[in-house]
Amino acid sequence: MSTRIVVDPITRIEGHLRIEADIEDGKIKDAYSSGTMVRLLEKILLGRDPRDAWAFVGRACGVCTTVHSLASCRSVEDALDIVVPPNAELVRNIMFATQYMHDHTVHFYHLHALDWVDVVDALNADPKKTSELAQSISHWPKSSPGYFSDLQKRIKKFVESGQLGIFANGYWGHPAYKLPSEVNLIGLAHYLEALEWQKEIVKVHTIFGGKNPHPNYLVGGMACSIGLDDASAINAERLAYVGTLLQQGKEFIEQVYIPDLLAIASFYPEWTKIGGGLGNYLVYGDLPTNGYRDESSFKLPSGVILNKNLNEVLDADVRDNDEIQEFIHNSWYEYSTGDESGLHPWKGETNLKYTGPKPPYDHLNFDEKYSYLKTPRWKGHAMEVGPLARMLVGYARGREDFKEVVDSALSKLNVPATALFSTLGRTAARGLETQLIIQWAMEFYEQLLTNIRNGDTRMADTSKFDPKHWPDQAQGVGHMEAPRGALAHWIVIEDKKIKNYQMVVPSTWNASPRDANGKLSAYESSLVDTPVANEEQPLEILRTIHSFDPCMACAVH
Amino acid sequence: MKTVRLRRVYVWQMPVRIFHWINALCILVLGVTGYLISNPPVFLSNAEASNSFWFGTNRFIHFTTAYIFLSMLIMRLYWAFVGNKYASWRNFIPINKKFIQKIGGVLKHDILLLKTEEDVSIGHNALAGFSYFMFFLLTLIMIVTGFGLYADSSTWFLPKLFAWVPALFGGDYLVREIHHVTMWILVVFILIHLYLVFLHDQYEGRGETSAMISGYKFIEEEVIEKQKEERQIERIA
Amino acid sequence: MNSTSTKRPTYYEELRRKGYSRREFMQFCTMIAAYMGLEANGVAQVSEALMSHPRVPVIWLHFQECTCCSESFIRSSHPMVADIILDKISLDYTETLMAAAGHQAEAAMEKTMKDSYGEYVLCVEGSVPVYEDGAYCCIGGRSAVDILDEAAAGAKAVIGWGSCACNGCVQAASPNPTGATPIHKLIKGKPIIKVPGCPPIGEVMAGVLVHLVTFGRIPELDRIGRPKAFYSKRVHDSCYRRPFYDAGLFVESFDDENAKKGYCLYRVGCKGPTTYNACGIMRWNDGVSYPIQSGHGCIGCSEENFWDNGSFYTRVPNFPGFGIESNADKIGIAAAGLTAAGLTAHAVGTRLKRKKEHDKILEEGIDNANELN
Ligand code: HEM
Ligand code: HEM
Ligand code: NFV
Ligand code: SF4
Ligand code: SF4
Ligand code: F3S
Ligand SMILES: [Mg+2]
């Protein structure tokens with residue numbers, strides 16, 4: 001007999017995710033993932049000015065802020081045949097890299113770490129030993145015994161106050177926590193440091209986009225003109241500021257995030273065998289260095305891997321009517337073409353139809369529709385997207401830079417490449433890709449300076465900004481790699497207005513309900529076979545789900 | 001040949017005339033400066049901002065004119081109660097059946113060109129009177145929305161009296177939109193108004209236009225006699 | 001020590017324990033007071049408050065949102081969020097950061113609602129969908145409507161974070177398919193502080209929260225419930241590009257020569273003149289920049305309905321149903337043109353119809369003139 005457990009809300013994610021799982025003999029037999037909040041942006045966009053769309057869809061998510069805005073600008077530029085100037089591409093790439101540095105680090109410390117780090121146990125650590133350990137894995141300056149013992153005192157007082165705040169009711173003391181107290185203390189210290197650090201790196205967005213979250217984008221380029229003689233435009237001071245911020249970001253990631261990641265991972269080898277899931281990976285690729293249309297210039301290569309087969313990388317075409325399709329067999333929508341049909345996003349429909357139980361409810365009915373996420377498929381396959389997919393595709397494509405970071409981590413942890421197909425693999429891939437991203441960010445930054453030095457200060461092409469230059473009918477697609485994976489927006493423009501707008505989002509791929517054939521999507525599939533030691537404290541479910549870094553506001557939009 | 005005897009009648013008292021022309025001037029200025037506020041021309045120049053203030057000046061003129069405009073309207077409102085019969089508020093608001101019938105009459109005769117017998121008036125004809133009432137409502141909208149927008153830029157109590165306006169409309173944006181659109185309605189009103197004034201002048205030959213300058217209209221003797229009789233009957237009744 | 005009768009440490013105790021001197025503590029109070037725009041005697045109030053109160057429990061609910069308000073909050077530089085959540089408030093429930101999940105998370109919230117009834121501060125991020133019995137946003141199988149109702153009942157005060165909670169934001173934009181509703185329309189009989197913006201500035205959020213927990217009362221609000229300190233000025237009133245505006249020097253299209261010179265963005269759609277927010281004064285992310293400084297006009301993100309107030313790139317209001325290229329001026333010009341055409345036609349019509357009478361009048365005039373010859 002299996003028991004059905006419910007974890008809702010799944011916390012330390014973005015948005016509203018509900019997991020129900022059938023547990024038998026201490027293992028998950030079947031799992032259901034449901035997104036329980038909907039806003040229907042795709043409907044709200046209809047009839048609006050395509051140039052405004054970036055702001056609307058940007059509000060899909062404030063965690064992976066910027067990514068939808070970029071995808072949207074690309075889709076409109078694609079439809080209207082606009083090519084952004086090289087500087088705009090570089091600024092967009094730098095903002096992209098900043099987003100990864102922020103999002104991945106915050107995910108690791110603030111959304112994921114408490115699955116591995118036992119905060120309360122940190123009180124048992126010996127500050128001196130902690131200091132020695134910290135210094136052995138990194139030369140980050142804040143690691144004196146005094147530093148750790150002050151922190152410990154602060155936390156002790158906090159715990160003794162009886163008001164545990166965000167740490168209340170955690171699964172402290174759960175047998176699945178395996179870290180020595182000293183590592184727990186380091187983790188906690190860096191949790192707090194990262195909280196302070198993250199507000200700095202986003203200032204790159206503030207400089208180019210005016211604010212963060214939700215910096216401004218512009219169809220045709222970027223709005224931040226380069227004006228070396230103006231106090232407020234992008235001038236020498238602003239550029240130097242960006243350089244400093246990137247450098248500081250790099251230091252924190254290389255000296256804190258990556259060493260912590262590897263240290264913590266080394267205590268959880270069993271998690272390289274759990275949570276692998278689908279084994280199908282999809283990447284659209286990103287970081288163009290010669291324009292969005294030239295995919296061969298992408299720093300992050302595109303590709304598809306099926307059945308964990310790293311010897312073959314297939315190509316995906318987002319424009320092909322038969323490749324990417326969305327299904328709603330198990331989703332609270334209806335299609336005019338029938339609920340069993342699959343629609344390519346250019347022809348996509350978003351007609352809400354809730355058929356679930358009237359709240360309050362104890363369980364959803366999984367024989368029927370059970371989520372606000374649609375179910376995307378590539379040539380009928382369920383695909384996993386995200387950092388792991390990107391690292392695998394780059395690795396399988398034989399890219400040297402990818403091989404270097406991946407192989408070095410594998411050898412440090414002393415595990416084979418197959419260890420990547422797991423919960424821990426996903427978490428590790430996120431850190432490894434951040435390392436690559438930093439290197440590239442520095443390159444983009446240097447290139448931007450070189451361009452300006454050579455007299456190219458163009459930041460936007462506005463020759464087609466005025467709708468009078470647009471055709472009566474146009475369609476485009478803006479694809480990109482968001483931190484959580486492959487993201488694309490498809491737009492249809494008619495009479496200068498949005499006729500159709502469809503977003504297929506990374507977390508939609510991963511967190512979607514099963515399809516009509518009963519094929520599970522990534523979350524559900526990776527949960528199957530996961531051991532659960534204590535049904536009352538489903539820590540293991542959190543670990544695997546968090547390894548995907550769920551974003552449900554994105555997923556449903 | 002029949003001779004028409006015209007008599008000079010003092011219709012528009014001085015305050016009405018002053019109001020009228022200052023009002024017309026204000027609206028012209030407000031319209032032009034307002035339009036420039038909404039749609040300023042772009043000058044490609046190397047001027048330093050500190051040496052130039054034309055847009056600020058433009059707004060300053062708009063706001064100053066707004067105050068003059070408001071005071072004129074208040075003056076006219078006062079005069080609607082103390083001025084002569086032709087200045088009275090009764091000319092504007094269709095309070096009785098007769099007023100409404102007269103509006104119908106003017107409509108049929110002047111506008112739709114159906115009736116041939118016209119109901120000749122001395123002051124405003126009924127339709128004109130009513131349209132001025134609508135005009136005053138439009139100016140009220142301009143004042144309420146204008147001072148509402150202005151309230152937060154001012155420390156004086158008068159604009160502050162209108163601070164509730166943006167709150168009511170959920171922010172400045174809609175208020176500004178109403179202010180802007182109402183300007184266009186006023187433009188349409190003015191076009192029609194000018195046309196009708198000239199039309200009447202042309203077809204009735206009573207010196208309609210100059211009346212707003214001199215105050216005197218030239219009214220047919222029989223019309224004056226007829227109206228006297230009517231007054232007599234009203235008094236007895 | 002006299003104020004230790006309560007088990008929870010006060011801010012003062014916290015600070016002393018962290019090694020700050022009393023003098024430093026008073027300096028800190030002065031700074032906070034200045035930051036909040038208080039008079040000199042406010043310092044005493046602040047220090048008094050910090051010395052005698054334990055950490056205030058806070059429940060932070062998440063509904064129809066994008067979580068950028070939480071993200072913005074953690075960007076606050078002064079005070080810093082680690083200090084707020086460790087020393088100033090007890091953040092007992094927030095789905096974004098809390099360790100517990102599922103039943104344990106719900107239990108944490110229930111405990112606060114029960115133990116601190118009438119004491120806790122309720123923060124709400126996101127709007128509440130009211131259609132379909134509230135099924136468009138459910139947490140733990142309960143609708144947002146239901147959860148908000150229960151949580152508001154025992155709250156001492158409510159803070160609405162961001163445009164979502166304050167006016168429905170993007171999901172409430174036309175046609176608002178889920179019935180997204182701002183919280184002030186659902187909560188009755190509780191003081192609500194609206195902190196609009198998409199998102200609001202992090203330091204503004206932290207400032208409002210700290211004000212509330214430090215003084216135990218609500219900051220002064222304006223007519224529509226926003227803290228006056230941060231929302232009493234238009235972006236335009238404090239914009240550093242204002243001299244260009246007054247000088248009539250405008251950017252005509254993005255990245256043109258005028259843009260490189262930092263001219264005013266009015267003509268490319270800046271909504272600063274109709275937007276109430278502190279961006280021009282405080283700027284974003286610890287004062288680094290704000291939209292206008294980075295070359296894009298203000299889109300009016302703290303204003304009600306800003307999504308439906310026309311395109312972000314035009315100044316003159318657009319009209320729904322007339323296509324995106326029509327605006328009030330085009331329609332106005334057309335209306336004036338039509339009127340002029342109508343009047344011309346009417347003039348001709350009148351001439352034709354009243355020709356006889358008219359000619360008679362004119363002839364009489366000519367006759368009279370002839371008589372005088
Ligand atoms: C017939 C009367 C008026 C006309 C035709 C007129 C016209 C206009 C127009 C077209 C605008 C530009 C609106 C936009 O940007 O879309 C404007 C702005 C404005 N008007 Fe008027 N207006 C009139 C009376 C007033 C009055 C009585 C006031 C009272 C103070 C006023 C105050 C303002 C203000 C404050 C603005 C906004 C200016 C700014 O913030 O830069 N207006 N007006
Ligand atoms: C901005 C332009 C104008 C506006 C807003 C305007 C408005 C008005 C108003 C409100 C009245 C009613 C006056 C009262 O009873 O106090 C009126 C009457 C009148 N206006 Fe104008 N006026 C304008 C321009 C002109 C011009 C340019 C002329 C002549 C050339 C003119 C001639 C007259 C005459 C003759 C009357 C009396 C009409 C009657 O007998 O009913 N107006 N106007
Ligand atoms: N899934 C997702 Fe996003 C990302 N990364 C967007 O496309 O999180 Ni908010
Ligand atoms: S108000 Fe804006 S920023 Fe805040 S949650 Fe809503 S959409 Fe996000
Ligand atoms: S840029 Fe915007 S806010 Fe600044 S002065 Fe110009 S219109 Fe006003
Ligand atoms: S868009 Fe928003 S961030 Fe400020 S400048 Fe305008 S209110
Ligand atoms: Mg979609």
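## A buried cysteine at the metal site

Cys64(A) counts as buried, at 3% relative accessibility. Buried here means under 20% relative accessible area, exposed means over 50%, and partly exposed is in between (1.4 Å probe, protein chains only). Cys554(A) also has 3% relative accessibility and counts as buried.

The iron atom of ligand 3 is coordinated by the SG atoms of Cys64(A) and Cys554(A), at 2.5 Å. Cys64(A) lies in the loop between α2 (53–58) and α3 (67–80) of chain A, and Cys554(A) in helix α16 (residues 552–556), so the pair ties together parts that are 490 residues apart in sequence. Cys64(A) also bridges the iron atom and the nickel atom of ligand 3, which lie 2.9 Å apart. Donors are N, O and S atoms within 2.8 Å of the metal (3.2 Å for Na, K and Ca); water is not among the atoms, so sites may look incomplete.

## Basis of the model

This is a predicted model, in which local features need pLDDT of at least 70, side-chain atom pairs count only at pLDDT 80 or more, and totals for chains, interfaces and linings use all residues. Residues are numbered from 1 along each chain as its sequence is written, chains are lettered from A and ligands numbered from 1 in the order in which they are written, and side-chain values use heavy atoms, with hydrogens and water left out.

## Around ligand 3

The shell holds 13 residues, and Cys61(A), Cys64(A), Ser507(A), Cys551(A) and Cys554(A) come nearest. A shell residue has a heavy atom within 4 Å of the ligand. By class, the shell divides into 10 nonpolar, 2 polar and 1 charged. Ala, Val, Leu, Ile, Met, Phe, Trp, Tyr, Cys and Pro count as nonpolar, Asp, Glu, Lys and Arg as charged, and the others, Gly among them, as polar.

Nitrogen atoms of ligand 3 make polar contacts (N or O pairs within 3.5 Å). A polar side-chain atom of Ser507(A) lies 2.7 Å from a ligand nitrogen. A backbone N or O atom of Arg484(A) is at 2.8 Å from a nitrogen of the ligand. For a polar backbone atom of Pro483(A), the distance to a ligand nitrogen is 3.4 Å. Two or more shell residues come from each of α3 and α13 (506–511) of chain A.

## Around ligand 1

Residues from chains B and C surround ligand 1, so the site is shared between chains. There are 23 residues in the shell; the closest are Arg59(B), His62(B), Arg176(B), His179(B) and His180(B). They divide into 13 nonpolar, 7 polar and 3 charged. In chain B, α1 (14–38), α2 (54–82), α4 (126–150) and α7 (172–204) each supply at least two shell residues.

His62(B) is 2.7 Å from a nitrogen atom of ligand 1. His179(B) is 2.8 Å from a nitrogen atom of the ligand. From chain C, a polar side-chain atom of Tyr245(C) lies 2.9 Å from a ligand oxygen.

## Chain B and the assembly

Chain B has 9 helices and 2 strands. Helices (H or I, at least four residues) and strands (E, at least two) are DSSP runs, numbered from the N terminus. Its C-alpha atoms fill a box of roughly 75 × 40 × 35 Å along the principal axes. Of its 237 residues, 46% are buried.

Contact means heavy atoms within 4.5 Å. Chains A and B do not touch; their nearest C-alpha atoms are 12 Å apart.

Note on methods
A polar contact is a pair of N or O atoms within 3.5 Å; within protein, one must be able to donate a hydrogen and the other to accept it, and residues adjacent in sequence count only if both atoms are side-chain atoms.
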